[in-house]
Amino acid sequence: MTKHRLLAATALSTLMLGAAPAMAVTVTMNTVQIFGTIDPAKISDYTDYMAAVNLYDGLVTVDAAGNIIPELAESWTVSDDAKEVTYKLRDDAKFADGSPVEASDVVYTVERLLRINQGPANLFAGVLAPGSVTAVDAKTVKFTLSKTFAPFLTTVPAILILNEEVVKANEGSDDGQTWLATNVAGAGAYSLKSWDRGSQMTITRNADYYKGFGAGPIDEVHWIITNDEATVRSLAASGELTMSSQFQSPDTYTALEAMGRFVIAKEETSTAFYLKLNSKAAPTDDVHIRKAIALATDYATIREVISPGGVLSTPLPKAFAAFHADDIPEPVYDLEAAKAEVAQSKYAGAPIPITLAYVAGTKFEEEISLLMQSNLEQLGFVVTQQADPWNRITEIAGKVETTPNVNQIFFGPTYPSPDSMFFTQYHSEAAGTWASMEWVQNPEIDAMIDEARGTGDTAKQAEIYKAVQHKLVDLQSDVFLNTQTVQHAMDKCLTGFKAVPMMSFDYDFTRYSWTC
């Protein structure tokens, strides 16, 4: 009997005995960079969060409108002075091993986060101190803030809760960092099935997930790590690919759509695309050079052809409408004005060496970098192209002297507040990460960000944030390329993608359904 006839006979026998069980649904998606870590105390970029939001749950999460909604916590109350926030946990909240989620697990998670002081910890610098999170009872936990911190409620989704008992049983000599690098101790809807750091990760659905699943749940998610456009097209043509990354070239989206199986899902986002300019390294330490680079940028070609998106005129996307400085004009492409800026710089009159960096293997970033090279060479720059894998970029971002002059970086809110766009990128306390490759380190800007964080007056915050935007534009901290129009080629049977203004929370696969 042939294989196909055997399958048909098996199906017929099953139907005779009763209804056939639903087939397991696997979604295969490519990502363009590796998963650096799955430890909730250390996650920092889009792939880290993509995995973490499926493997772990927080007290609360975020919907597509930016609203804070319950997850492990069913409710919360805020004191009159906004310095105490008390969360009530769901009675049925449980970890993947079936044990209940209790207030002590939340306390342990925050204490460990503060001790390790990586990843999301910088969100709480000067706000939460050791001992500031306490268990009122088994299902009630209280956060006592060191000072008024207006965005606090919006930062809490970044605290992904650990099973204290499991981590302590495996804590070793490094607070469980070695164990949690490859193991999971969470309450998320999915468990880690396999992970080859350089090539793939697979997660599988927890059938006993305390929140349950909707119709057409996704049983397994298989991420393939590749930024090679030909490989993505091949995976699609073979039927293996279900959903593309959001960083494909326009040609690949067109090719996948032409196959007939895919639709192109598009969403406007609050993610910004920058050329981050190292303000502490020659020649980008000169503001006139930074302004020349901005004027030598062909925004229309980048925004309309190479990497589709909306206008970005300040560090803050217009999605934060109430806080956006609308009086700042759109950046312009003007080579003559760029030449005038170079002439005013301390590097005028001689060839100017400069390094343009981008993520290796990412075709559209390479195209942007080559376009920039063509324009800058007309101004007397001697350009070196530097393509590095993402893990190398995160490493070299840690020091001024290893950070290239120009760096192509997407950065979106890690929590739904304008503070997430300013503190993480421009405050001195956040320097030394891939998100802060400008090395601004400006005391005046630090003070302005701190003031905005410390007031609950929304109008006052808006005034401060608009002033910060003017200051950063005057300094030309970055070249503001565009706001990302996120695109995914998705199998027609897969629904549920909706952009969320918090890093990778839109890839929580409990929000997706298989409709075929």
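**Close-up views of a predicted model**

**View 1. Ala82, a partly exposed residue in a loop.** With a relative accessible area of 32%, Ala82 counts as partly exposed. You will find Ala82 in the loop between β4 (73-78) and β5 (84-89). Its backbone is worth a look: Ala82 is not a glycine, yet its phi is positive, at about 65 degrees. Please keep in mind, here and in the views that follow, that this is a predicted model.

**View 2. Asp175, a buried residue with a positive phi.** Asp175 is not a glycine, and its phi is positive at about 65 degrees. The loop that holds Asp175 runs between α5 (164-169) and α6 (177-180). Is Asp175 buried or exposed? Its relative accessibility is 17%, so Asp175 counts as buried.

**View 3. The cis peptide bond between Ala282 and Pro283.** Here the peptide bond joining Ala282 and Pro283 is cis, with omega at about 0 degrees. Pro283 belongs to the loop between β11 and α9 (287-295).

**View 4. Asn206 and its contacts.** Asn206 sits in the loop between β9 (200-205) and β10 (220-225). Because its relative accessibility is 13%, Asn206 counts as buried. Which residues does Asn206 contact, leaving aside its neighbours within four places in sequence? They are Ala96, Gly188, Ala189, Tyr190, Ser191 and Phe213.

**View 5. Gln373 in helix α12.** Gln373 is part of helix α12 (residues 363-377). A relative accessible area of 18% makes Gln373 a buried residue, because buried means under 20%. Apart from neighbours within four places in sequence, Gln373 is in contact with Leu356, Val383 and Gln385. For a sense of scale, follow the chain to Thr269: this residue is 104 residues from Gln373 along the chain, and their C-alpha atoms are separated by 28 Å.

**View 6. Helix α14 and what covers it.** How many of the residues of α14 are buried? Eight of its eight residues are, and the helix is mostly covered. These buried residues are Asp419, Ser420, Met421, Phe422, Phe423, Thr424, Gln425 and Tyr426. The elements that cover them include the strands β11 (262-277), β15 (406-411) and β16 (478-491), together with the helices α15 (443-453) and α16.

**View 7. Helices α14 and α16, an oblique pair.** Two packed helices are described by the angle between their axes and the distance between the axes. For α14 (residues 419-426) and α16 (residues 458-475), the angle is about 40 degrees and the axes are 11 Å apart. The two helices are therefore oblique to each other. Their crossing is left-handed. On the α14 side, the contact is made by Asp419, Phe422 and Tyr426, and on the α16 side by Tyr465, Val468, Gln469 and Leu472. Sorted by type, the residues of this contact are five nonpolar, one polar and one charged.

**View 8. Helices α15 and α16, a roughly antiparallel pair.** The axes of α15 and α16 cross at roughly 160 degrees and come within 9 Å. That angle is over 145 degrees, so the helices are roughly antiparallel to each other. The crossing of α15 and α16 is left-handed. From α15, the residues Glu444, Ile445, Met448, Glu451 and Ala452 take part in the contact. They meet Lys460, Gln461, Ile464, Tyr465, Ala467, Val468, Lys471, Leu472 and Leu475 of α16. By type, the residues of this contact divide into nine nonpolar, one polar and four charged.

Another pair brings together Phe497 and Tyr507, with ring centres 6.0 Å apart and planes at 20 degrees, so the pair is stacked. Phe497 is buried at 10% relative accessibility, and Tyr507 is buried at 2%. Elsewhere, ring pairs link Tyr46, Phe247, Phe273, Phe364 and Phe410 into a cluster.

Notes
Residues are numbered from 1 along each chain as its sequence is written. This is a predicted model: local features need pLDDT of at least 70, side-chain atom pairs count only at pLDDT 80 or more; totals for chains, interfaces and linings use all residues. Side-chain values use heavy atoms; hydrogens and water are left out. Axes are lines fitted to C-alpha atoms, for helices over the stretch in contact, and angles run from 0 to 180 degrees between N-to-C directions. Helices (H or I, at least four residues) and strands (E, at least two) are DSSP runs, numbered from the N terminus. Angles under 35 degrees count as roughly parallel, over 145 as roughly antiparallel, 65 to 115 as roughly perpendicular and the rest as oblique. A crossing is left-handed if the near helix is turned anticlockwise from the far one by less than a right angle, and right-handed if clockwise. Contact means heavy atoms within 4.5 Å. Ala, Val, Leu, Ile, Met, Phe, Trp, Tyr, Cys and Pro count as nonpolar, Asp, Glu, Lys and Arg as charged, and the others, Gly among them, as polar. Buried means under 20% relative accessible area, exposed over 50%, partly exposed in between (1.4 Å probe, protein chains only). Rings of Phe, Tyr and Trp (its six-membered ring) pair if their centres lie within 6.5 Å; planes under 30 degrees apart count as stacked, over 60 as edge-to-face and the rest as tilted.
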